[in-house]
Amino acid sequence: CKCPNAETNTMEITFCHGVCGVGPRDLTEVFTNINTFLTDNPSELIIVNFEMSVGDATPEEVWEIMKTDNGVRQKTYNHAGGDWPTMGELLADGKQLILFEHNHNENCSDPTNPGCSPRIETFFNHAVETTWVFSNVEEINDYDRSCAEDRGSGGLKYFYSINHFVTATFGPSKSSADVLNEIDSINNRVTECEKLTKHKVSIFSVDYWQRGHLPEVAQTINKSRAKKTRNTRSRFLQW
């Protein structure tokens with residue numbers, strides 16, 4: 001988001017949720033914390049997908065702030081085209097951070113275009129996702145609809161992203177997350193979506209990840225895929 005700073009009477013790049021002032025977080029502070037976590041956990045990898053939805057913030061402006069942290073700059077993967085590396089290859093190269101964006105007004109398929117950055121890829125150039133509009137758990141359990149391709153459909157994509165959360169009238173629903181983030185719900189959605197679409201699920205998005213068992217399920221799926229395809233390239237589940 002690009003929002004007004006009342007103290008400095010200027011516009012600043014910050015995190016928010018749909019509207020300036022809702023869920024504000026300082027960009028530098030957030031990525032300082034992320035860098036500390038990645039340094040302390042060298043086997044972990046984080047994907048960030050910026051929604052450029054408020055103000056006229058650009059990927060270039062976001063990266064200009066982020067790159068002032070040497071650790072963040074060094075850990076961020078720069079995709080130069082072609083096949084995406086496996087998690088193992090990324091970690092072996094010291095790359096633990098992948099940056100995407102969506103909803104930016106300009107076409108950043110060419111990162112040299114004004115406002116773009118080669119370190120922040122356009123998400124739907126590389127991924128297809130399910131719809132994110134679910135009003136209740138039952139709609140998510142309607143797999144014929146909830147697994148279907150939505151944004152990013154068309155063409156060869158390397159990532160299949162599942163949205164597994166309910167957006168209630170006043171925002172995210174904790175009660176729905178308590179149901180959806182349980183082992184059976186996650187496993188059933190992954191299994192049925194892969195069966196229906198013939199895509200391997202690579203990104204699984206939830207609200208309130210601390211509730212339920214998503215990290216454990218992701219690790220179990222990754223271990224299973226690693227055993228089956230140890231000597232081949234494969235996509236791994238991110239959360």
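Which residues of helix α2 (residues 59-66) are buried?

1. The model under review is predicted. In helix α2, the buried residues are Pro59, Val62, Trp63 and Met66. Viewed down the axis of α2, these buried residues fall within an arc of 95°, so they line one face of the helix. An α-helix has 3.6 residues a turn, so residues three or four places apart point the same way.

2. The surroundings of that face can be listed. The buried residues of α2 pack against the strands β2 (10-13), β3 (46-51), β4 (97-102) and β5 (120-122), and against the helices α1 (27-40) and α3 (70-75).

3. A further point concerns an open sheet of three strands, in the order β6-β7-β10 and with parallel pairing. Its edge strands, β6 (127-129) and β10 (203-205), each pair on one side only. On average, neighbouring strands of this sheet are turned by 20° against each other, direction ignored.

4. Strand β7 (residues 159-163) runs parallel to β10 and is joined to β10 by three bridges. Ser161 has Ile203 of β10 as its bridge partner. Helix α9 (residues 183-197) lies across both β7 and β10, and runs at about 135° to β7.

5. Ser176 belongs to helix α8 (residues 174-180). Is Ser176 buried or exposed? Its relative accessible area is 11%, under the 20% cut-off, and Ser176 therefore counts as buried. The side chain of Ser176 makes a polar contact of 3.0 Å with the side chain of Ser173. Leaving aside residues up to four places away in sequence, Ser176 touches Val137 and Val166.

Notes
Residues numbered from 1 in each chain as written. Predicted model: local features only at pLDDT ≥ 70, side-chain atom pairs only at ≥ 80, totals over all residues. Heavy atoms only, no water. Pairing = 2+ DSSP bridges. Helix = DSSP H or I, 4+ residues; strand = E, 2+ residues; numbered from the N terminus. Axes fitted to C-alpha atoms, helices over the stretch in contact; angles between N-to-C directions. Contact = heavy atoms within 4.5 Å. Buried < 20%, exposed > 50% of the residue type's maximum accessible area, 1.4 Å probe, protein only. Arc of directions from axis to C-beta. Polar contact = N/O pair within 3.5 Å; in protein donor to acceptor, adjacent residues only side chain to side chain.
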